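Here are my notes on the model you sent. They begin with one side chain and its surroundings, then move to other positions and to the chain as a whole.

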Amino acid sequence: MKEKVNGVQLYYHKLGKGEPLLLLHGHHLDGGMFDKIVPPLSLYYTVYVLDMRGHGLSEGDSAEHYHTEAEDVKQFMKQLEIEGCYCVGFDAGGLVAMMLASENSKIFKKMIVAGVFVNGAGIHPYHYLTEGIQRFFKFDRDSRVELTESFISEDDLKKIETPTLCVVGEKDWVKVEHVRWYSQLMQNGRLILMPRQTHNSYAIKSLKMLDLIKDFCK
C-alpha cells in the first residue's frame, strides 16, 4: 500500500489485528528488515511497516535531514490515525522515534529503540571509518546524515516520558555505556542488553526481539 505524505508516496505494509504497532527501519535498510518478525507479531497487533522516503518501495530521494524523516512519520501516523500506537525503531528509525517522543509525549504508547546513539560519543571509532567511506567515496546520504545529525540534547532526552526500552547488542558498534547513560536521562527509560549480539544480528531478519516486544507492549 502507498500513502502520499509530504508530497512523496510512501510504501507501507499492514498486517494483523489488534492495537497498532509501527516498525521503523534504520538507514541503509528498508521495511524488509522486519520480514521474519512481522508474521508472528501480526497475531497480536496490527503491524505497520513503513519504508522511509528513498528507501525500499517508497518514492523520492533519501532524506537530507532527520527532521524530514520525523515529519514524514508524524504525518503518516496522523493520516492513518494511529497516533498513540506502539513503536519499534531500529538505528535511525529509533532516533526518529525518540525525536518525536521528545516533542509529544502522547505520540507513542510505548516504544522500543534499538541500536541508537544520540551523539558522536556513542559509537566506537571503527564505525566512523565505515560510515566515512560511504559518505565521502560513495556519496551516501544516509551516511552523511548519520555522521552529522545524530544528536539529541540532554534537555530533550529528559522530556521523553514515553515508557521506553533502549536495546543494544553486547558487541554493537553503539557503546553499551552510552545507551545506559541516555536511558537513565529519560523519564521512563530502561536499558536492555542483547548478549553476544552485534548491531544487526538481533534486529535484521531476526526473531530475537519477538518476546521482548510482546512482553513490553501488553
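1. Start with the surroundings of L95. Leaving out residues up to four places away in sequence, L95 touches Y66, V116, F117, V118, S150, F151 and I152. The model is a predicted one, and the contacts should be read as such.

2. L95 sits in helix α3. Its relative accessibility is 2%, and because the cut-off for buried is under 20%, L95 counts as buried. A203 is 108 residues from L95 in sequence, and the two C-alpha atoms are 15 Å apart in space.

3. D91 belongs to the loop between β5 (85-90) and α3 (92-103). Is this aspartate buried or exposed? With 9% relative accessibility, D91 counts as buried.

4. The contacts of D91, neighbours within four places in sequence aside, are G26, H27, A114, G115, V116, E146, W173 and H199. V116 is on this list, and V116 is also among the residues that L95 touches.

5. D155 is an aspartate in another setting: helix α6, residues 154-159. Its relative accessibility is 53%, and since exposed means over 50%, D155 counts as exposed. From D155 to L191 the separation is 36 residues in sequence and 19 Å in space, C-alpha to C-alpha.

6. On annotation, UniProt lists residues 20-116 for "domain: AB hydrolase-1", in an unreviewed entry. In the model, that stretch is 32% helix and 25% strand.

7. The C-alpha trace spans about 45 × 35 × 35 Å along its principal axes. A compact globule of 218 residues would have a radius of gyration near 17 Å, and the 16 Å of the protein chain agrees with that.

8. How much of the chain is buried? Of the 218 residues, 51% count as buried. The protein chain exposes about 9900 Å², with 51% of that area supplied by carbon and sulfur atoms.

9. Among contacts with a separation of 6 or more, 74% are between residues 24 or more positions apart.

10. On charge, the protein chain carries 26 positive and 29 negative side chains. The centres of these two sets lie 5 Å apart.

Key:
Residues numbered from 1 in each chain as written. Predicted model: local features only at pLDDT ≥ 70, side-chain atom pairs only at ≥ 80, totals over all residues. Heavy atoms only, no water. Rg over C-alpha atoms; globule rule 2.2 N^0.38 Å. Buried < 20%, exposed > 50% of the residue type's maximum accessible area, 1.4 Å probe, protein only. Contact = heavy atoms within 4.5 Å. Areas by Shrake-Rupley, 256 points an atom, 1.4 Å probe, with all protein chains shown as cover. Lys, Arg positive; Asp, Glu negative; His and termini not counted. Charge placed at Lys NZ, Arg CZ, Asp CG, Glu CD. UniProt positions renumbered as here; feature names shortened; annotations may be inferred. Helix = DSSP H or I, 4+ residues; strand = E, 2+ residues; numbered from the N terminus.
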